[in-house]
Amino acid sequence: MIFRLALQSLISRRFSAWVCIAMITLSAIALLTVDTLYRGTQSAFGRSVQGIDLIVGAPTGDINLLLFSAFQVGAPSRELSYATFTRWQQDSNVKRAVPLMLGDSHKGYRVIGTNSQLFSHIGAISEREVFAQGHAFKQVFEVTLGHEVAQQLGYHIGDELILSHGLGNHSFQHHDARRFRIAGVLAATGTPIDKTLQVSLEGLEAIHWPPAQLAQLPEQLAIGESPALQPDSIAAFYLTLTNKVRTFQVQRAINQSKIEPSQAILPGVAITQLWSMLDWIEAALLGLGVLTALVATIGVLSTLLTHLDKRMSEFRLLQTLGASRRYIFTLLGLETALLVTLGLFTGVALTITLERGLTGFAQSQWGLYWPLNLHWPWLIAAIPSAALASGILLAGVAALRLKRRL
Amino acid sequence: MPSSAAIDVNAITYGHNHGPHWHLPSWQVLAGQAVFLQAPSGAGKSTLLSVLAGLQPVQSGQLKVLGEPLHKRRTAQTAPWRARQLGIIFQDLNLLDYLSCLDNILLAAHFGKNKQPELEQKAHQLLQRLNLPADILHKKACALSVGQRQRVAIARALINDPPLLLADEPTSALDDNNSQDFMTLLFELVRERQCTLILASHDRRLSREFDQHIALCDLSQSL
């Protein structure tokens with residue numbers, strides 16, 4: 001009977017009940033989304049170095065090497081000779097080596113000088129097509145664009161662009177002696193690659209030649225056709241090994257190389273170091289989630305408590321019929337618990353629906369991976385616990401307010 | 001106290017914490033009697049009925065209702081007793097608007113822990129007896145007229161077959177014809193069940209069929 005009474009009472013006050021449910025639903029969506037964003041960021045960080053066993057550069061800090069090579073943040077303080085890259089590229093333990101040349105940009109977006117191995121690497125870790133449009137650069141003066149660059153700057157296949165010297169948003173020195181023709185646009189990956197332009201090592205080397213020498217190069221020049229365009233140095237390179245068991249062995253060999261001082265880092269370890277430096281973000285997101293839940297709780301409490309005065313005659317009638325105070329407070333607690341349960345379930349259901357509906361769209365449009373990974377046993381325990389706690393809280397507050405009036 | 005006394009009052013003082021107080025020196029009502037308690041509005045009729053129902057404490061003296069020493073009980077302790085032993089009809093706010101008539105009636109049975117079989121059928125028979133149509137049982141209370149609500153309130157008060165019925169201005173919201181019908185039905189049912197009735201009203205015209213007619217001002221003194 002008490003359940004029917006609570007349900008009928010809520011139905012009779014359906015407007016305020018819906019407002020309460022909406023508040024709880026929104027706070028549940030906010031909490032789950034904050035959690036998802038945090039996991040998504042972690043996942044994006046992880047995916048940025050997925051398939052890379054070692055990152056090699058000139059000796060510097062682990063995190064600096066990770067940041068400029070994998071996340072395009074900061075710049076290398078020194079470079080590594082191209083000979084070192086080719087030596088490790090040819091090592092029998094190496095399955096794939098991706099060179100990285102940095103230092104130029106286009107309208108604030110960084111340019112990576114690399115080779116076709118970068119696209120092989122993206123293809124190996126992605127379950128989708130590497131290119132949304134076009135193909136990899138085959139000519140020295142061809143460029144491919146990350147998904148976000150193409151979208152933000154509105155470029156299409158065949159358009160031509162000029163690269164600028166330096167990494168800032170506003171460069172005063174443009175490599176305008178040669179234009180690069182867009183050959184392809186990468187599919188969204190949800191990694192920093194989306195915000196870069198990729199050209200061949202030869203192309204990047206060529207635009208740094210003296211103008212007179214550059215002018216002698218033909219417009220159509222296939223990659224590998226001119227050995228003179230081979231760079232002397234690069235910023236870093238990624239290594240994917242044939243056998244991961246040999247990772248530490250190769251890392252040690254690189255770090256102890258007598259030929260050229262170099263540093264190899266394990267990207268997963270460096271990311272863990274980075275996350276431990278950024279653990280305040282996790283705390284801030286958690287705090288945000290708790291704050292959202294707190295605001296919803298106060299909102300629901302204030303809505304329900306506002307109704308207490310209006311419901312005094314109802315409580316007195318119940319008391320006259322023989323209801324104890326405990327029964328009345330249990331009824332109030334049950335009503336609150338019902339609202340919270342309904343709100344939380346609606347919140348979870350809506351978040352799942354949003355995730356299912358938007359995952360494909362978010363991935364293709366923004367490269368945003370939405371890893372909504374609900375831990376059901378935890379959720380099944382958390383929802384009734386939250387309902388019970390809020391029910392007890394409301395019944396307690398109501399008991400304090402009404403104890404002299406009932 | 002004679003064994004047949006439904007109410008036995010011995011020098012009680014009662015009233016609201018921050019309101020008027022009354023002293024009632026002595027009063028007895030025998031089981032099965034119908035008592036008409038007359039007083040103008042604001043004279044303390046509702047307060048006395050609340051005290052008799054155990055909803056308000058007596059501040060001094062002794063009060064036994066159906067043998068229950070209410071002067072020894074805190075109001076919170078009287079709830080189960082009230083649910084089983086009393087039927088109460090108010091002047092207004094008799095029913096919970098959001099429940100159906102049936103649920104309003106069954107609510108009293110629920111609190112009275114009335115496990116009688118076929119309670120629903122009993123509610124139905126009571127409503128029939130009160131000249132209410134059968135389809136009213138599942139209508140929400142808010143959809144009823146004032147007269148219908150008062151009759152449903154009688155059915156609810158009687159569902160547990162209580163030995164004592166307290167009615168507080170039950171006809172105040174009814175017109176003369178409905179008021180007379182209501183009183184006739186109430187008396188028929190009270191006599192059938194041989195229960196004690198205390199009806200408080202300011203309207204002397206209702207007092208005709210009662211065994212005892214008491215003016216509250218003769219019974220109690222305002223302090």
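Colleague: At roughly what angle do the axes of helix 5 and helix 6 of chain B cross?
Modeller: The axes of helix 5 of chain B and helix 6 (residues 176-193) of chain B cross at roughly 10 degrees and come within 11 Å. Helices here are DSSP runs of H or I with at least four residues, strands are runs of E with at least two, and both are numbered from the N terminus. Axes are lines fitted to C-alpha atoms, for helices over the stretch in contact, and angles run from 0 to 180 degrees between N-to-C directions.

Colleague: What do you call that arrangement of helix 5 and helix 6 of chain B?
Modeller: Helix 5 of chain B and helix 6 of chain B are roughly parallel to each other. Angles under 35 degrees count as roughly parallel, over 145 as roughly antiparallel, 65 to 115 as roughly perpendicular and the rest as oblique.

Colleague: Which residues make that contact?
Modeller: Helix 5 of chain B gives Gly147(B), Gln150(B), Ile154(B) and Leu158(B), and helix 6 of chain B gives Asn178(B), Phe182(B), Leu185(B), Leu186(B), Leu189(B) and Arg193(B). Two residues are in contact if their C-beta atoms, placed from the backbone, lie within 7 Å. By class, this contact of helix 5 of chain B with helix 6 of chain B has six nonpolar, three polar and one charged residues. Nonpolar means Ala, Val, Leu, Ile, Met, Phe, Trp, Tyr, Cys and Pro, charged means Asp, Glu, Lys and Arg, and the others, Gly among them, count as polar.

Colleague: Where do the model and the numbering come from?
Modeller: This is a predicted model, where local features need pLDDT of at least 70 and side-chain atom pairs count only at pLDDT 80 or more, while totals for chains, interfaces and linings use all residues. Residues are numbered from 1 along each chain as its sequence is written, and chains are lettered from A and ligands numbered from 1 in the order in which they are written.

Colleague: What is the strand order in the open sheet of chain B?
Modeller: The five strands of that open sheet have the order 6-7-8-3-9 in chain B, with parallel pairing. Two strands pair if DSSP finds at least two bridges between them. Strand 6 (86-89) and strand 9 (212-215) of chain B stand at the edges with a single partner strand each, so one side of each has no neighbour in the sheet. On average, neighbouring strands of this sheet are turned by 15 degrees against each other, direction ignored.

Colleague: How many bridges join strand 6 and strand 7 of chain B?
Modeller: Strand 6 of chain B and strand 7 (residues 164-168) of chain B pair in the parallel sense over four bridges. Ile88(B) stands opposite Leu166(B) in strand 7 of chain B. Helix 5 (residues 146-158) of chain B packs on the sheet and touches strand 6 and strand 7 of chain B, and its direction makes about 170 degrees with that of strand 6 of chain B.

Colleague: Which way do the residues of strand 6 of chain B point?
Modeller: Leu86(B) and Ile88(B) point one way and Gly87(B) and Ile89(B) the other way, and all are buried. Buried means 20 or more other C-beta atoms within 10 Å of the residue's own, exposed means 12 or fewer, and partly exposed is in between, with C-beta atoms placed from the backbone.

Colleague: Changing topic, how many residues does each chain put into the contact?
Modeller: Chain B gives 19 residues and chain A gives 16 residues. On the side of chain B that touches chain A, helix 2 (79-85) and helix 3 (101-111) of chain B are the elements that give two or more residues. Helix 3 of chain B has the largest share, five residues. By class, that side of chain B has 14 nonpolar, two polar and three charged residues.

Colleague: And in chain A, is Asp232(A) buried or exposed?
Modeller: Asp232(A) counts as exposed because it has 9 C-beta neighbours inside 10 Å. Asp232(A) lies in the loop between helix 8 (211-215) and strand 10 (233-234) of chain A. Not counting residues up to four places away in sequence, Asp232(A) touches Ser81(A) and Tyr82(A).

Colleague: How many helices and strands are in each chain?
Modeller: Chain A has 14 helices and twelve strands, and chain B has seven helices and ten strands. Buried residues make up 37% of the 406 residues in chain A and 44% of the 223 residues in chain B.
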